Number of protein chains: 2
Amino acid sequence: MRSVSVIGIGETKFGKLKEYTLQDLIREAGQKAIADAGIEKERIQALYIGNYNGGSLCSQSTIGAFAAEAIGLPGIPSMRTEGACASGSLSFRQACMMIAAGVYDVVLVGGAEKMTHQSTPYVTSVIAQAEDKNLEVAAGVTFPSIFGMIANRYFHEYGNVRKEMAMCAVNNHRNAYYNPDAQLHKLITVEDVYNGAPVTSPFTMYDCSLVSDGAAFVVLAATDVAKEIGVKNRIVEVIGSGHGGDTMTLVSKPCITTLAATLQARDEAFKMAGVTNADIDLVELHDCFTITQIINIEDLGFFEKGKGAKAVAEGKIAYDGAIPVNMGGGLKAKGHPIGATGISQIYEIVNQIRGNAGDRQLNRAEIGLTHNLGGAAGTCTIHIFRGL
Amino acid sequence: MRSVSVIGIGETKFGKLKEYTLQDLIREAGQKAIADAGIEKERIQALYIGNYNGGSLCSQSTIGAFAAEAIGLPGIPSMRTEGACASGSLSFRQACMMIAAGVYDVVLVGGAEKMTHQSTPYVTSVIAQAEDKNLEVAAGVTFPSIFGMIANRYFHEYGNVRKEMAMCAVNNHRNAYYNPDAQLHKLITVEDVYNGAPVTSPFTMYDCSLVSDGAAFVVLAATDVAKEIGVKNRIVEVIGSGHGGDTMTLVSKPCITTLAATLQARDEAFKMAGVTNADIDLVELHDCFTITQIINIEDLGFFEKGKGAKAVAEGKIAYDGAIPVNMGGGLKAKGHPIGATGISQIYEIVNQIRGNAGDRQLNRAEIGLTHNLGGAAGTCTIHIFRGL
């Protein structure tokens with residue numbers, strides 16, 4: 001298979017963007033990515049886009065052709081992928097493999113969601129479409145309650161990590177403070193997390209990711225083609241890709257404190273990349289809730305099972321720690337426009353590897369990893385990147 | 001790239017299936033395809049599924065993980081593709097290329113839609129999400145009116161083909177009559193089409209595809225792996241795959257009587273397959289409306305532009321004609337459960353190539369072609385198959 005690289009990136013600001021339609025978000029981020037690559041748009045041969053639920057949120061489906069026309073690329077093949085919160089990274093993986101297989105040379109890949117114009121109860125019901133309607137939604141189970149059960153089970157198995165969960169939120173808010181695209185620019189303390197509005201045991205509002213509008217795009221190219229074209233910025237190679245699966249329903253999982261989809265995606269991605277955890281300089285991972293951040297750093301293999309919270313308390317995932325996590329601010333503070341999230345994680349990694357991350361730039365950022373979950377971890381997509 | 005083949009097929013009956021949920025449809029068709037392949041289900045490494053709008057129609061999104069669990073394949077990577085009425089064939093193309101690239105050896109690919117439990121006005125509004133909300137839906141334009149405008153423009157450019165449109169419906173009904181899975185088993189005449197309930201100029205009810213429940217699945221495998229495993233039925237190789245795009249909105253297309261997405265997909269698929277129109281024995285094409293059937297047989301290159309209607313009148317697309325079209329009954333009479341349609345076309349081609357099509361079996365069926373459109377032809381996917 002051919003080597004594939006990211007040659008352009010673009011995203012909108014994340015947040016409550018009243019002045020933007022879904023089309024505006026897609027147009028801005030897509031055109032930014034093409035401009036950032038510095039290539040003629042005629043070179044783009046296909047468009048892949050992740051979108052969770054334009055149908056229910058915006059009465060707009062078929063976001064592939066919709067995006068191609070919005071960005072000014074009609075006449076190229078397009079498609080949408082959906083896998084709940086992993087919708088964006090699923091598009092990224094498919095596009096990578098299409099280039100690796102030699103079907104295309106240059107592909108535009110994005111993700112987008114417009115959510116904040118809808119009421120919170122309605123958005124909650126739409127997000128709950130990513131659960132099993134009969135086994136979970138009918139029982140009144142929403143995603144906060146699913147991950148609340150996971151947190152409580154984690155406490156049972158490994159001890160109470162309430163404080164370290166709060167520290168994850170503090171860390172993500174700190175990172176987002178230095179990210180101009182982030183939805184929240186507010187430094188918080190552990191006490192703030194404890195005192196937040198209660199959501200479900202053990203979460204307060206500060207343990208939960210945000211409802212956001214936003215879009216992110218990247219231009220992908222065969223590495224040899226990218227070198228031949230001559231692109232504006234440092235080329236960032238996709239050295240690993242993994243896609244894992246698990247049952248959709250929580251009740252069917254034999255264990256809920258280790259997420260099987262993450263393990264499967266991790267093994268595939270690391271094997272393809274030929275690297276180990278020790279080689280990774282930074283991680284953007286799926287912190288839909290604070291407990292998920294702790295579980296993820298364990299499942300990804302950076303810390304032993306049950307030792308993730310200790311690592312958080314010791315500052316190991318901070319910007320100056322052993323393995324900086326969510327330098328962009330994460331779903332918690334950068335925001336979570338569902339379809340865009342997986343691509344936005346890649347945006348941050350590429351920005352860091354290029355050395356363009358401004359006030360949040362890491363000293364060392366040569367190899368980075370993204371981790372994107374869908375639903376109650378029924379889907380996981382992991383990618384590993386290296387600067388060329 | 002590796003050769004890829006279809007080694008198993010399964011579908012539900014299409015129609016108003018009151019007793020089936022979306023989950024039931026998926027389970028039945030998926031399990032039938034695996035049983036038909038005669039392989040252990042543990043060999044299946046990934047699941048791709050096309051679904052247009054489970055969210056709006058069934059309050060169920062994230063159909064990838066949902067399907068994996070329903071079929072009894074939890075723990076494998078899964079994803080959903082969406083591109084309006086081409087949702088199913090987009091999954092098929094992605095899965096093919098993942099196998100061709102060496103990522104997977106055996107993949108289950110399907111499509112499903114549950115529609116008939118909703119009211120006709122609601123279904124119409126959900127289907128209209130595949131148009132541009134602001135430019136088309138806001139103006140009261142639905143898909144029958146889009147394709148009605150295309151038909152009237154076709155009349156303007158090439159003359160009135162009202163009668164030949166009706167003959168397409170008659171032909172599809174004839175073929176469906178011999179297909180036990182078809183929604184309609186009713187032979188009709190040209191007069192019946194003329195006298196049907198009016199929909200929009202120039203269409204009556206008999207010019208329009210159906211609202212249906214249904215699911216269809218196929219098992220795909222690397223051809224060398226399939227031979228090694230030893231499967232139950234004749235192996236059918238995927239020799240060509242093409243994916244074309246065009247503007248989403250009708251108003252942006254310079255020409256609406258030739259569908260640019262079809263031309264693009266056709267060129268890619270034929271080039272890959274190394275065959276010409278003369279080599280194709282049968283076609284399953286996207287007859288969302290009768291006019292589309294005439295346009296498609298021209299765009300696919302079987303007849304000159306403007307000569308498609310004459311070919312229909314001469315019986316050239318009938319079961320005993322030069323190029324039999326829609327032996328399964330088409331969207332018009334087999335049915336159109338949106339996400340399932342693209343896979344159901346493949347089901348028919350494989351069945352014919354195997355020689356298992358019962359009362360509608362063609363004498364010669366060695367090389368077949370499927371053609372699946374999405375939206376107002378903003379997307380087109382074409383595949384070409386050959387029996388081994």
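## Helix packing across the two chains

Helix α4 of chain A (residues 87–100) packs against helix α4 of chain B (residues 87–100) with the axes 9 Å apart and at an angle of about 55°. The arrangement belongs to a predicted model. The two helices, α4(A) and α4(B), are therefore oblique to each other, and α4(A) passes α4(B) in a left-handed crossing. On the side of α4(A), the contact is made by R93(A), Q94(A), M97(A) and M98(A), and on the side of α4(B) by R93(B), Q94(B), M97(B) and M98(B). By class, the residues of this contact of α4(A) with α4(B) comprise four nonpolar, two polar and two charged.

## Interface of chain A and chain B

The contact between the chains involves 53 residues of chain A and 53 residues of chain B. About 4100 Å² of area is buried between chain A and chain B, and carbon and sulfur atoms give 49% of this area.

Side chains of opposite charge can pair when their charged atoms come close. Over all chains, the structure holds 40 salt bridges. One pair crosses between chains, running from E82(B), in strand β3 (residues 78–82) of chain B, to R80(A), in strand β3 (residues 78–82) of chain A. In the salt bridge of E82(B) with R80(A), the closest N and O atoms are 2.9 Å apart. Across the interface of chain A and chain B, two salt bridges are found.

## Helix packing within chain A

Two packed helices are described by the angle between their axes and the distance between the axes. Within chain A, helix α6 (residues 143–158) and helix α11 (residues 290–299) pack with their axes 9 Å apart, at an angle of about 60°. Helices α6(A) and α11(A) are therefore oblique to each other, and α6(A) passes α11(A) in a left-handed crossing.

From α6(A), the residues F147(A), I150(A), A151(A) and Y154(A) meet I291(A), T292(A), I294(A), I295(A) and E298(A) of α11(A). The contact of α6(A) with α11(A) divides into seven nonpolar residues, one polar and one charged.

## Helix packing within chain B

In chain B, the axes of helix α7 (residues 162–177) and helix α11 (residues 290–299) come within 8 Å and cross at roughly 95°. Helices α7(B) and α11(B) are therefore roughly perpendicular to each other.

Residues E164(B), M165(B), C168(B), A169(B) and N172(B) of α7(B) meet T290(B), I291(B), Q293(B) and I294(B) of α11(B). Five nonpolar, three polar and one charged residues make up the contact of α7(B) with α11(B).

## Backbone features in loops

A cis peptide bond with omega of about 0° joins S201(A) and P202(A). P202(A) is placed in the loop between β5 (198–200) and β6 (203–204) of chain A. In chain B, the peptide bond from S201(B) to P202(B) is cis, and its omega is near 0°. The loop that holds P202(B) is between β5 (198–200) and β6 (203–204) of chain B.

A further backbone feature concerns T62(A), which is not a glycine but has a positive phi of about 55°. T62(A) is in the loop between α2 (54–58) and α3 (63–71) of chain A.

Terms used. Residues are numbered from 1 along each chain as its sequence is written. Chains are lettered from A and ligands numbered from 1 in the order in which they are written. This is a predicted model: local features need pLDDT of at least 70, side-chain atom pairs count only at pLDDT 80 or more; totals for chains, interfaces and linings use all residues. Side-chain values use heavy atoms; hydrogens and water are left out. Axes are lines fitted to C-alpha atoms, for helices over the stretch in contact, and angles run from 0 to 180 degrees between N-to-C directions. Helices (H or I, at least four residues) and strands (E, at least two) are DSSP runs, numbered from the N terminus. Angles under 35 degrees count as roughly parallel, over 145 as roughly antiparallel, 65 to 115 as roughly perpendicular and the rest as oblique. A crossing is left-handed if the near helix is turned anticlockwise from the far one by less than a right angle, and right-handed if clockwise. Contact means heavy atoms within 4.5 Å. Ala, Val, Leu, Ile, Met, Phe, Trp, Tyr, Cys and Pro count as nonpolar, Asp, Glu, Lys and Arg as charged, and the others, Gly among them, as polar. Buried area is the accessible area (1.4 Å probe) that two parts lose on being put together, summed over both. A salt bridge is a side-chain nitrogen of Lys or Arg within 4 Å of a carboxyl oxygen of Asp or Glu.
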